[in-house]
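Let's take a walk through this structure together, moving from aromatic rings to charges and then to strands. Keep the model open beside you as you read.

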Amino acid sequence: MRINRRTFLKTAAAAALGAGVGLNLPLSQPARAAGKRLRRFHLSASPARVSLGAGPEFMAWTYNGRVPGPELRVREGEIVQVTLRNFLPESTTIHWHGIPLQNSMDGVPGVTQPAVKPGETFVYEFEAKPAGSFIYHSHVGLQLDQGLSGPLIIEPNNDPVTFDREYTLVLEDWVMKDGGGTAGTQRRQSGHMMGGMMGRGQGPRRGGTRPGDPMLEPVYDDYAVNGRIGPAIADLEVRRGERVKLRILNPSAATAYFLRLAGHSLTITATDGNSIEPLETDVLRIGMGERYDVIFTAGNPGYWLLAAAEQGSGEGRLRIPIRYRGVRDKEARPPSFHSGLRLADYSDMRALHPVAWPAEQADRYYRQVLSGGMHSPFWTINNQVYPDADQLAVRENQKVRLGYWNHSMMPHPMHLHGHFFRVVNPDLPPERWIFKDTLMVERMQRLDIEFLADNPGNWFHHCHNLYHMEAGMANVVSYRS
């Protein structure tokens, strides 16, 4: 029987879906025809015993038997094909956090794809763009907090930043017991050290529940860098005079960090994969789901620590030693956190290259009131608990504005799938507003973002504190014809 190409593709796609294999045929065929290089990776999601270099071994959920998962490093414009094999006892997916790919590849069960069942396989495929620092992670339940995350680095074809040495730093909060975060279900409280210092700290952490599935935010045992804690964190070696690039990624489930490098300042060059005008700061705050590229000049020989400020939950144990070649000091010098330090804020950031932005008012405006946690087991948007939440209806090519009103005593890292948004800054012309995909909305803060509806589909929009999302702080942006 002879069939034409369209019938073949439909048949192949149906057979693949029936076998648990996802195909991205509309993207892959034209992309390969254009001569784009195909990069293949294999990720096996499975339970494995892990060690963070100190403390007990424990059973985590891993990609390829390791935490974090392996770094996937590709070149801008290449086609990325990742075969996920699920050896977990429950269904899973992979979300490519920050990549504005096509909807069917976004990895959100019940929104963009069926979850991949135990024993099944799914193939993700997308074009590697834009260049920058990204994260991949499970988007099922609490699996992110059990270990299922890793770095995705897209190298630029033309890098606007020059540097001599580069390190990727993946920050993670860990419950060092079998089951990871799910084993640490005890309410924790965060202090106000940084809040008292700069007025931008985190308030008390309060766990949440969702219907039929009560859970509390864990007390974390330790904080890891690239899967290592405490003395097991390896020195980052530098030479005097070098410009050193750090890609700092935070896939932590429930922890934001204030970072300072002793003896040096940091210069932010990109946020969430988008270049900004170089911005010098003493302290870098990075929320859950955010990524920052920073540069420092190795002009002060010694043995130093890039460390997190203590906020009351042990975050101060996150300490990354940086040693100049030839320095023999035994103890690394920690930074001090005190009043008067520069703390970079979104309002201080400007897009590196001005980008035209529609001057007219937004076609759609949605007020997003973030609340919960106080005498409530839920975290909500507009007092609604996902999945019983109104969709944000948009039409293709509309300009959409979301107005965040945080009525809670917690900051919320809000993340929009499938798009970059611009952070509204009334003090700047719109073409200089920065692009991001995740941003921290501070407690009791009012903040607006805008995005262009240029990627059709149903897209998840949620707080990237995993326990807030699971307790209901989410909704869906839905394209309508």
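Which residues do ring pairs link into a cluster? They are Tyr-63, Trp-96, Phe-122, Tyr-124, Phe-126 and Tyr-136. Please bear in mind as you look at them that this is a predicted model.

Let's stay with the rings for a moment. A pair of aromatic rings is described by how far apart the centres are and by the angle between the planes. The structure holds 10 aromatic pairs. One of them is formed by Trp-96 and Tyr-124, an edge-to-face pair with 5.8 Å from centre to centre and 70° between the planes. Trp-96 belongs to strand β5 (residues 95-97) and Tyr-124 to strand β6 (residues 121-127), so this pair ties together parts that are 28 residues apart in sequence. Both Trp-96 and Tyr-124 are buried.

Another edge-to-face pair is made by Tyr-386 and Phe-460, with 5.1 Å between the centres and 65° between the planes. This pair, too, links distant parts of the chain, 74 residues apart: Tyr-386 is in the loop between β21 (379-381) and β22 (392-394), while Phe-460 is in strand β29 (residues 458-463). Are these two residues buried or partly exposed? Tyr-386 is partly exposed because its relative accessible area is 26%, and the cut-off for buried is under 20%. Phe-460, with a relative accessible area of 5%, is buried.

Rings also meet charges here. The charged end of Arg-323 sits over the ring of Tyr-303, at 3.7 Å from the ring's centre. Likewise, Arg-367 lies over the face of Trp-405, 4.0 Å from the ring centre.

Along the chain, Gly-107 and Tyr-124 are 17 residues apart, and their C-alpha atoms are separated by 8.7 Å. What does Gly-107 contact, leaving aside its neighbours within four places in sequence? The residues are Thr-93, Ile-94, His-95, Thr-112, Gln-113, Tyr-124 and His-139.

Next, the strands. Strands of a sheet pair through backbone hydrogen bonds, in either a parallel or an antiparallel way.

Finally, turn to strand β9 (residues 165-174). How many of its 10 residues are buried? The number is 9, so the strand is mostly covered. β9 pairs in the parallel sense with strand β12 (residues 243-249) over 6 bridges, and Val-170 has Leu-249 as its bridge partner in β12. With strand β10 (residues 222-225), β9 pairs in the antiparallel sense over 4 bridges. There, Trp-174 stands opposite Asp-222 in β10.

Terms used:
Residues are numbered from 1 along each chain as its sequence is written. This is a predicted model: local features need pLDDT of at least 70, side-chain atom pairs count only at pLDDT 80 or more; totals for chains, interfaces and linings use all residues. Side-chain values use heavy atoms; hydrogens and water are left out. Rings of Phe, Tyr and Trp (its six-membered ring) pair if their centres lie within 6.5 Å; planes under 30 degrees apart count as stacked, over 60 as edge-to-face and the rest as tilted. Helices (H or I, at least four residues) and strands (E, at least two) are DSSP runs, numbered from the N terminus. Buried means under 20% relative accessible area, exposed over 50%, partly exposed in between (1.4 Å probe, protein chains only). A charge sits over a ring if NZ of Lys or CZ of Arg is within 6 Å of the ring centre and within 35 degrees of the ring normal. Contact means heavy atoms within 4.5 Å. Two strands pair if DSSP finds at least two bridges between them.
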